[in-house]
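The stops below are meant to be followed in order, each beginning with a selection.

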Amino acid sequence: MQTILIVEDKKSMADMLSRTFESQGFVVKTAYNVKEGVSFLSSDLSAVVTDLKLPDGDGIEIVKTIKENYPFIPVILMTAYGSIETAVRAVKEGAYDFITKPFDPDHLLLIVKRAIDEKGMERENIILKKEFSKFLKMPEIIGVSRHWNEIMEGVKKIARLKTTVLILGESGTGKELIAKAIHYLSPRAKEPFVAVNCAAIPKDLIENEIFGHEKGAFTGAGETKIGRFELANRGTIFLDEIGDMEMPLQSKLLRVLQENEFERVGGTKTIKVDVRVIAASNKNLQREVSEGRFREDLFYRLNVFPVVIPPLRERREDIIPLACYFISQFCRDMNKNEPSISIEAERILMGHDWKGNVRELKNVIERAVILCDGETLLPEHLSFGVEMKEKIDSITSLHEVGESAAKSAEKAQIEAVLMQTKGNKSRAAEILKVSYKTLLNKIKEYDIG
Ligand SMILES: Nc1ncnc2c1ncn2[C@@H]1O[C@H](COP(=O)(O)OP(=O)(O)OP(=O)(O)O)[C@@H](O)[C@H]1O
């Protein structure tokens, strides 16, 4: 349901507009002066329609307040003939449009609907551009093991509620995928899913990224910046690697979880939000608490509904179904016929340790699909398969061989693509078909200069 705020001092006009919008299914709030109008502002509003001349000031004050605090709410001004110059100034100050009195209410309705659509798209674009939200639909999730079925049962139950979820598991087990599944199965599915990797953002920037800043908060803060909590309003925020969040920020997060409000960096105004929080960690958070690095109260607040994803080696029944799924995905992308997996290749996949979990399996399969031109995927198509054949007698751990070969191949591939993009990491991530976050982690892991 969309809510409109009408600020108009003439009661008959305000009533007529309320009826127009209500007949179209909008919820309408009415204010009769600037002070009242400003007090009604909240992020739940879809649009504001305000008169230019009000008893205690003018609509431009409302425009300015909205631009600073709720930049995604469009404001439409109603002006009398003769005050067009002021109306033009209002548009310069950030109003979406103005309409000159007298007007046809249906015309105003049209402007408001278009404004809501455009501002909504603007918000989505910021989210997409910043790669906060990779999927616009429910991702495909594969798993047949008992563990996995239990996880999915829990996910389906919890998705409907606003409960905070804490997802625990080693890197690459599918924590982000589960967070997305919860979001897309929830009543918030049409609202943004905003992911933040607390470990990938430099420590001195993270508060700013998550909570935004006010204009002039520090040198270089020329404009007010909306943080990711505000971008996620009405949707879900996914705080990945929460165990890496510094203590002072943990306190700020606790307040948002308890009171749904915070201040931007350098600001005094309290911002209210309605955001579902899903956090994830590959660290043992209880140990972080006992060692004094993680706030105990925050841990309990996050741990309302824990989801523990076991490593792939503890749910081996999922390996082949996942491998088959990735084969068909990559073959479709590369326009190739789908090979079947030979018994030997299957045995190797089943026996591997998968320290990098599903992510590692996905990478191994991608390379295998590139190398395989026949109808059957063989051990030599698995990057570690070639070396394994040569060294099978001399080396005790098959897994070590497979891993080191896979890793050096991956490192070489990343270095080559970075050279190709002249160091542009976003472009390299696109070519490598990994998230920007994953690429940063890999660069760190392989110490690529
Ligand atoms: N059950 C699954 N079905 C299909 N794809 C999966 C599954 N689990 C993981 N994946 C895929 O494996 C990759 C890694 O998963 P994801 O990024 O969710 O892991 P993560 O635990 O969040 O990793 P990290 O801790 O490093 O951020 C992604 O490409 C994801 O789509």
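**First stop: Glu223**

Select Glu223, which is exposed because 10 other C-beta atoms lie within 10 Å. A residue is called buried if 20 or more other C-beta atoms lie within 10 Å of its own, exposed if 12 or fewer, and partly exposed in between, with C-beta atoms placed from the backbone. Glu223 sits in the loop between β10 (212-213) and β11 (225-226). Helices (H or I, at least four residues) and strands (E, at least two) are DSSP runs, numbered from the N terminus.

The model is predicted, so local features need pLDDT of at least 70 and side-chain atom pairs count only at pLDDT 80 or more, while totals for chains, interfaces and linings use all residues.

**The whole chain**

Zoom out to show the entire protein. Its secondary structure comes to 19 helices and 18 strands. Of the 449 residues, 34% are buried. Among contacts with a separation of 6 or more, 68% are between residues 24 or more positions apart; two residues are in contact if their C-beta atoms, placed from the backbone, lie within 7 Å.

**The ligand**

Next, select the ligand and the residues around it. Which residues are the closest to the ligand? They are Ser171, Gly174, Lys175, Glu176 and Val358, out of 17 residues that surround the ligand. A residue is taken as near a molecule if its C-beta atom, placed from the backbone, lies within 6 Å of it. Two elements, α7 (175-184) and α15 (357-371), each give two or more residues to this shell. By type, the shell holds five nonpolar, seven polar and five charged residues. Here Ala, Val, Leu, Ile, Met, Phe, Trp, Tyr, Cys and Pro count as nonpolar, Asp, Glu, Lys and Arg as charged, and the others, Gly among them, as polar.

Colour the domains to see the setting. The ligand lies between domain 2 (146-310) and domain 3 (313-445), because both give residues to the shell around it. The domain bounds come from an automatic or database domain assignment.

**Two helices, α13 and α14**

Select residues 319-334, which form α13, and residues 343-351, which form α14. These helices pack at an angle of about 120°, with their axes 10 Å apart. The axes are lines fitted to C-alpha atoms, for helices over the stretch in contact, and angles run from 0 to 180 degrees between N-to-C directions. Show the side chains where the helices meet: Ile319, Ile320 and Ala323 belong to α13, and Glu346, Leu349 and Met350 to α14. This contact consists of five nonpolar residues, no polar residue and one charged residue.

**Backbone features**

Most residues other than glycine have a negative phi, and most peptide bonds are trans. The following selections depart from this pattern.

- Select Trp354, in the loop between α14 and α15. Trp354 has a positive phi of about 50° although it is not a glycine, and its 25 C-beta neighbours inside 10 Å make it buried.
- Move to Asn357 in helix α15. Its phi is also positive, at about 55°, and Asn357 is not a glycine. Asn357 is buried, with 21 C-beta neighbours inside 10 Å.
- Select Lys101 and Pro102, which are joined by a cis peptide bond with omega of about -5°. Pro102 lies in the loop between β7 (97-101) and α5 (105-129).

Select Arg234, in the loop between α9 (228-231) and β12 (236-240). Is Arg234 buried or partly exposed? It counts as partly exposed, because it has 14 C-beta neighbours inside 10 Å. Beyond residues up to four places away in sequence, Arg234 touches Arg188, Glu191 and Asp274.

Ala159 is in helix α6 (residues 146-159) and is partly exposed, with 19 other C-beta atoms within 10 Å. Setting aside residues up to four places away, Ala159 touches Ile182, Leu185 and Ser186.

Finish at Ala429 in helix α18 (residues 425-432). Ala429 is buried, with 21 C-beta neighbours inside 10 Å. Leaving aside neighbours within four places in sequence, Ala429 is in contact with Val434, Ser435, Tyr436 and Leu439.

Conventions:
Residues are numbered from 1 along each chain as its sequence is written.
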